Amino acid sequence: MDQNGVKDNVKLTKLSKCAGCGAKVGAGVLAKLLSDIKVHSDPNLLVGFDKSDDASVYKISDELALVQTVDFFPPIADDPYIYGAIAAANALSDVYAMGGEPRLAQNIMAVPEKMPQEAVHEILKGGYDKVYEAGALITGGHSIFDDEPKYGLAVTGFVHPKGLLTNSGARPSDVLIFTKPLGMGIISTAMKADLVSDETRERAYEIMMTLNKKARDIMVKYRVHACTDVTGFGMLGHLLEMAQGSNVCIRIRTDSVDYIEEALEFARLGILPAGMYRNRSFAQEWVDEGSVSLEIQDILYDPQTSGGLLMAVDPDDARLLYEELKGQVPSARIIGEIGAYKGGKRIFLY
């Protein structure tokens with residue numbers, strides 16, 4: 001039986017080749033796929049797909065902009081309710097990363113024809129509950145049959161145009177703050193082989209089901225120059241997008257980065273998701289690893305599902321923001337700083 005009393009007669013993760021955001025198309029491949037597509041301009045389109053941001057943003061008035069995103073993936077958990085909740089939290093996070101507030105959501109679902117109705121119901125219930133926790137509404141959606149289950153949301157939110165955050169506004173001397181532990185892709189890979197302890201599995205689920213709402217609500221009170229959520233491209237992939245978009249370099253204090261301890265041991269054993277190798281291939285030429293161990297590097301390249309917010313904060317506000325975050329988001333850490341780019345590598349690990 002799962003946590004909601006539904007008969008546990010289907011192992012969702014056994015029905016998919018990849019788990020969660022580990023199924024995401026690699027950033028390098030994605031850039032090539034989009035490279036020759038003509039982008040139409042509109043003066044009210046503040047953020048479009050020609051950028052590397054988490055959502056598109058369209059200005060409605062001087063006081064209001066529309067934020068739109070879509071995200072879905074194959075099962076990250078065998079419990080259908082947990083899977084639905086994680087997928088919803090992951091999709092909602094894109095709006096939070098832009099400084100916005102989610103308002104409407106629509107289900108996107110693919111299920112095998114023989115999947116038990118109770119399991120489908122629990123996936124949807126997990127998504128509904130998480131959307132309502134965010135203060136938004138689910139208003140419908142679309143479903144199809146497919147050999148592999150997939151679930152997620154199209155989300156619409158709002159943001160004041162002057163409060164809009166992108167991943168390309170980081171400035172030299174900014175302080176980097178991150179709000180969740182890393183290691184979800186590694187742990188999810190180990191789960192498929194039944195290698196993860198019950199305690200670590202439950203902690204990973206709790207982290208992935210946690211909304212970035214509290215972090216966003218605190219973040220918007222301070223001078224944050226750039227923000228992104230860390231998901232399928234791993235921390236280093238998303239940091240590279242921030243560094244290139246902002247034309248800066250980034251220094252990461254790896255001993256300040258929080259991660260699930262068991263993920264480090266699995267990394268040492270080579271139990272790693274395919275997405276980690278895609279992320280390394282995309283970003284590694286821009287990264288100076290210094291003397292940082294290979295297993296820590298693996299965790300930094302590890303694709304995350306429903307990861308935390310990565311903020312570039314004005315140095316005069318960083319300490320106050322961090323102290324307020326720690327009261328409600330205990331995993332928040334100051335992990336590095338932004339520097340002026342002088343050519344060569346973009347990211348330095350030490």
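## A charge over a ring

A charge counts as sitting over a ring if NZ of Lys or CZ of Arg is within 6 Å of the ring centre and within 35 degrees of the ring normal. Arginine 346 gives us a case: its charged end sits over the ring of tyrosine 341, 3.5 Å from the centre.

## Ground rules

You're looking at a predicted model, where local features need pLDDT of at least 70 and side-chain atom pairs count only at pLDDT 80 or more, while totals for chains, interfaces and linings use all residues. Residues are numbered from 1 along each chain as its sequence is written, and side-chain values use heavy atoms, with hydrogens and water left out.

## Aromatic pairs

Rings of Phe, Tyr and Trp (its six-membered ring) pair if their centres lie within 6.5 Å; planes under 30 degrees apart are called stacked, over 60 edge-to-face, and the rest tilted. That rule gives four aromatic pairs here. Take tyrosine 83 and tyrosine 151: their ring centres are 6.5 Å apart and their planes meet at 75 degrees, so this pair is edge-to-face. It ties together distant parts of the chain, since tyrosine 83 is in helix α2 (residues 80-97) and tyrosine 151 is in strand β6 (residues 150-159), 68 residues apart. Helices (H or I, at least four residues) and strands (E, at least two) are DSSP runs, numbered from the N terminus.

Phenylalanine 233 belongs to the loop between β8 (224-229) and α7, while phenylalanine 282 is in helix α9 (residues 274-283), 49 residues away. Phenylalanine 233 is buried, at 6% relative accessible area.

## Helix α7

What about α7 itself (residues 234-246)? Eleven of its 13 residues are buried, so the rest of the structure largely encloses the helix. Among the buried ones are Met235, Leu239, Glu241 and Ser246. Just past the helix, asparagine 247 takes a positive phi of about 55 degrees.

## Cysteines

A disulfide here is a pair of cysteine sulfur atoms within 2.5 Å, and the count is zero. Cysteine 227 is buried at 0% relative accessible area, and cysteine 249 is buried at 6%.

Note on methods. Buried < 20%, exposed > 50% of the residue type's maximum accessible area, 1.4 Å probe, protein only.
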